[in-house]
Amino acid sequence: MPFSHHSHSGQFCAHAKDTLEDVVKAALAKKMHLLALTEHMPREQRDLYPEEVGGYSEKGLLDTFRRYYDEARRLQQAYLSTVNVLIGMEVDWVRPSSKAFIENLLAEFPLELFVGSVHHVHCVPIDYSTALFDEARDISGGSNEKLFEDYFDLQYEMLVALRPPVVGHFDLIRLKSDDPDTNFASMEGVRRRISRNLAFITEYGGVIELNSAALRKGLKEPYPNGVISKEFLALGGNFTISDDSHGVDQVGSHYRELLRFAKEVGILQITYFEKGSSNRDPRFPNVTSKTTTLSLLESHPFFA
């Protein structure tokens with residue numbers, strides 16, 4: 001019963017491909033139990049990605065999100081008897097004003113979950129290109145360590161403000177760095193911030209995704225890396241799994257390696273969400289969380 005709590009489509013995301021329905025069909029073909037649709041939230045005009053400049057606007061992104069929501073509802077009903085579909089979004093926390101922007105979206109759209117992510121530091125995208133990563137690092141003072149500290153401080157700001165049900169790609173900041181496989185072991189200030197964030201997620205009951213996109217992009221470990229995952233596990237934290245797919249060919253991508261990693265870390269149970277009476281987050285009264293064992297997941301035909 002594999003599942004993913006983080007996905008995108010080219011129909012509603014400029015850096016993805018394929019239609020939303022094709023992504024749902026791919027999950028069905030792979031016998032996934034559940035797929036959460038989590039297109040990116042619309043952003044302010046000043047936060048457009050380079051690929052969006054000239055072709056998009058703040059209003060245009062909001063209109064696109066409305067079309068996404070309507071299509072997601074249609075697909076949820078159309079595939080009701082074959083695959084569980086949850087409708088959500090991936091939030092992009094850029095600055096403190098992001099809070100009101102996100103709360104307005106949650107008020108307008110009755111979503112069933114959201115993924116809390118940080119893609120910008122100092123309002124500069126840090127996972128888009130090496131050049132933009134370097135720009136953010138220069139603003140931080142020129143060192144990876146200081147940029148990493150700033151990233152985890154911004155993540156903490158997002159966590160406190162939003163308490164996301166699912167925390168997205170926890171250590172995304174390492175992707176475009178000089179050492180994308182770093183475990184931050186020699187960076188005392190970074191480690192303190194990571195520990196603080198993990199403790200807070202555990203305290204409010206958030207779930208961290210094991211995100212296979214890092215493996216797809218050539219990193220040795222998923223997000224979060226092994227050291228961070230072991231620390232969160234020791235705190236009693238809960239994990240789910242996500243492919244962060246941006247098209248049909250990435251649905252369920254690198255899941256065998258992801259489960260192998262989880263086993264090596266010592267994770268025995270995986271949390272997932274589905275429709276039902278809420279037992280976790282009153283903001284989403286029609287969604288419940290459940291757990292399955294890693295061994296049961298491994299026995300699914302998907303992993304044969």
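# A chat about His 246 and the fold around it

Q: Is His 246 buried or exposed?
A: His 246 counts as buried because its relative accessibility is 13%, where buried means under 20% relative accessible area, exposed means over 50% and partly exposed lies in between, with a 1.4 Å probe and protein chains only. This is a predicted model, in which local features need pLDDT of at least 70, side-chain atom pairs count only at pLDDT 80 or more, and totals for chains, interfaces and linings use all residues. Residues are numbered from 1 along each chain as its sequence is written, and side-chain values use heavy atoms, with hydrogens and water left out.

Q: Where does His 246 lie, and what does His 246 touch?
A: His 246 lies in the loop between β9 and α9 (255-265), with helices (H or I, at least four residues) and strands (E, at least two) taken as DSSP runs numbered from the N terminus. Leaving out residues up to four places away in sequence, His 246 touches His 8, Cys 13, His 15, Ala 16, Lys 17, His 40 and Arg 216, a contact being heavy atoms within 4.5 Å.

Q: How far apart are His 246 and Leu 20?
A: In sequence, His 246 and Leu 20 are 226 residues apart, while in space they are 10.0 Å apart, C-alpha to C-alpha.

Q: Ok, the sheet now. What is the order of its strands?
A: The order in this open sheet of 7 strands is β1-β2-β3-β4-β7-β8-β9, with parallel pairing, and two strands pair if DSSP finds at least two bridges between them. The edges are held by β1 (3-4) and β9 (238-242), each with a single partner strand, so one side of each is left without a neighbour in the sheet.

Q: How many bridges join β4 to β7?
A: Strand β4 (residues 113-117) and strand β7 (residues 166-167) run parallel and are joined by 2 bridges, and Val 115 has Val 166 in β7 as its bridge partner.

Q: And which helix lies across β8 and β9?
A: That is helix α8 (residues 226-234), which lies across β8 (207-211) and β9 and runs at about 140° to β9; axes here are lines fitted to C-alpha atoms, for helices over the stretch in contact, and angles run from 0 to 180 degrees between N-to-C directions.

Q: Switching to rings: how many aromatic pairs are there?
A: The structure holds 15 aromatic pairs, where rings of Phe, Tyr and Trp (its six-membered ring) pair if their centres lie within 6.5 Å, with planes under 30 degrees apart counted as stacked, over 60 as edge-to-face and the rest as tilted. One of these is formed by Phe 12 and Tyr 68, whose ring centres are 5.8 Å apart and whose planes stand at 65°, so the pair is edge-to-face. This pair links distant parts of the chain, with Phe 12 in the loop between β1 and α1 (20-29) and Tyr 68 in helix α2 (residues 58-78), 56 residues apart.

Q: Are Phe 12 and Tyr 68 buried or exposed?
A: Both Phe 12 and Tyr 68 are buried, and ring pairs link Phe 12, Phe 65, Tyr 68, Tyr 69 and Phe 109 into a cluster.

Q: Next, α4: which of its residues are buried?
A: The buried residues of α4 are Leu 132, Phe 133, Ala 136, Arg 137 and Ser 140. Seen down the axis of α4, they fall within an arc of 145°, so they line one face of the helix, the arc being that of the directions from the helix axis to the C-beta atoms. On the other side of α4, Ala 131 and Asp 138 are exposed.

Q: What covers the buried residues of α4?
A: The cover includes β5 (120-121), β6 and α5 (144-162).

Q: Last topic, the backbone: which peptide bond is cis?
A: The bond from Tyr 223 to Pro 224 is cis, with omega near -15°, and Pro 224 has its place in the loop between α7 (213-216) and α8.

Q: What about phi at Lys 31?
A: Lys 31 has a phi near 60°, a positive value in a residue other than glycine. Most residues other than glycine have a negative phi, and most peptide bonds are trans. Lys 31 lies in the loop between α1 and β2 and is exposed, with a relative accessible area of 55%.
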